[in-house]
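Thanks for coming. Please have a look at the structure first.

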Amino acid sequence: MANIFLSLTLLAYYSASALFIAYFLAQREAFCSWAARVLGVGLVCHSVALAFITLKLGWLPVATLGESLLVFSWTLVAAFLLLFRRFPIRVLGALAAPLAAVMASAGMILPGGRATIAPLLKSTWVVVHVGLTFMGVAALTLAGLGGLFYLVQERQIKAKKLGFFYRRLPSLGQLDALNYWCLTLGFPLLTAGMVIGSLYAQYTLGKFFSFDPKEILTLIAWLIYAVLLHERLTVGWRGRRAALLALCGFCVLMITFLGASLWWSGYHSFGSFSGTP
């Protein structure tokens with residue numbers, strides 16, 4: 001049953017991607033409205049599929065890269081649809097929906113459900129840690145995508161090439177507001193996820209920080225966002241610098257999510273930790 005709902009999810013996500021891209025190109029409201037509806041249907045199917053997988057495995061499906069991509073694509077779509085109702089920045093769907101579709105596709109292709117999971121990793125606290133972290137990363141991913149749009153729009157304006165992208169992208173003020181809103185939502189969630197993970201590591205492993213590659217890179221990303229939020233609140237950073245830092249933070253998070261789990265060993269590597277406390 002999970003595969004059936006995952007197939008329906010992919011159909012909906014790719015259809016929504018095509019509609020959002022069509023909206024970006026043609027600027028017709030009907031394309032955008034239908035894209036949001038189809039993406040919402042995909043999210044429902046995705047939720048049902050993840051529920052079936054969780055029941056089958058007996059734990060949250062984040063033990064392998066494929067499973068984690070499936071869960072992260074769900075959080076990305078959920079965050080986008082929440083943002084879609086909050087901000088009139090609909091063209092973001094032309095980036096967010098295809099990204100979610102590609103991640104969900106990779107999640108179905110890559111093997112899952114075969115990793116050995118230690119009993120201590122089946123704790124509710126691990127679920128809370130992973131859930132908060134993924135939600136924070138999803139919101140910060142949208143900040144990074146919005147930052148990319150900001151840099152493109154700013155370049156168009158500075159070059160006085162008020163053409164294709166200028167007419168289709170939101171104003172710099174709207175994109176900057178998106179950056180701030182996603183930052184104030186994602187940073188506390190990421191922080192809470194990191195704190196809970198550290199406390200649980202201290203409880204089970206006897207140390208808050210193990211210098212695991214994923215921990216180090218996550219801390220670097222956290223510091224980037226901490227600087228960005230601090231400067232926005234105290235100095236009033238806006239515009240290009242905020243967009244660049246949001247994009248840098250997004251890149252570090254993606255390296256953390258993929259690179260540290262595939263290329264460097266550590267107890268955060270997918271499926272690698274099977275010991276006992």
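**Salt bridges and one loop threonine**

Let me start with Arg 90 and Glu 29, whose side chains meet in a salt bridge at 2.1 Å, N to O. Arg 90 sits in the loop between H3 and helix H4 (93-109) while Glu 29 belongs to helix H2, so this pair ties together parts that are 61 residues apart in sequence.

Before I go on, the basis. This is a predicted model, in which local features need pLDDT of at least 70 and side-chain atom pairs count only at pLDDT 80 or more, while totals for chains, interfaces and linings use all residues. Residues are numbered from 1 along each chain as its sequence is written, and side-chain values use heavy atoms, with hydrogens and water left out.

A salt bridge here is a side-chain nitrogen of Lys or Arg within 4 Å of a carboxyl oxygen of Asp or Glu. Helices are DSSP runs of H or I with at least four residues, numbered from the N terminus. For accessibility, buried means under 20% relative accessible area, exposed means over 50%, and partly exposed is in between, with a 1.4 Å probe and protein chains only.

Back to the pair. Arg 90 is partly exposed at 31% relative accessible area, and Glu 29 is also partly exposed, at 43%.

How many salt bridges does the structure hold? Five.

Next, Glu 154 and Lys 158. Their side chains meet in a salt bridge at 3.7 Å, N to O. Both residues lie in helix H5 (residues 124-158), four residues apart, which is about one turn of the helix. Is Glu 154 buried or exposed? Glu 154 is buried, with a relative accessible area of 9%, whereas Lys 158 is exposed at 62%.

Glu 154 has another partner: the side chain of Arg 240 meets that of Glu 154 in a salt bridge at 2.9 Å, N to O. This pair links distant parts of the chain, with Arg 240 in helix H9 (residues 240-262) and Glu 154 in helix H5, 86 residues apart. Arg 240 counts as partly exposed, at 40% relative accessibility. Through shared partners, the salt bridges join Glu 154, Lys 158 and Arg 240 into one network.

Last, the threonine. Thr 64 is placed in the loop between helix H2 (29-57) and helix H3 (65-86). Its relative accessible area is 12%, so Thr 64 is buried. The Thr 64 side chain reaches the backbone nitrogen of Glu 67 at 3.2 Å. A polar contact is a pair of N or O atoms within 3.5 Å; within protein, one must be able to donate a hydrogen and the other to accept it, and residues adjacent in sequence count only if both atoms are side-chain atoms.

Key: Helix = DSSP H or I, 4+ residues; strand = E, 2+ residues; numbered from the N terminus.
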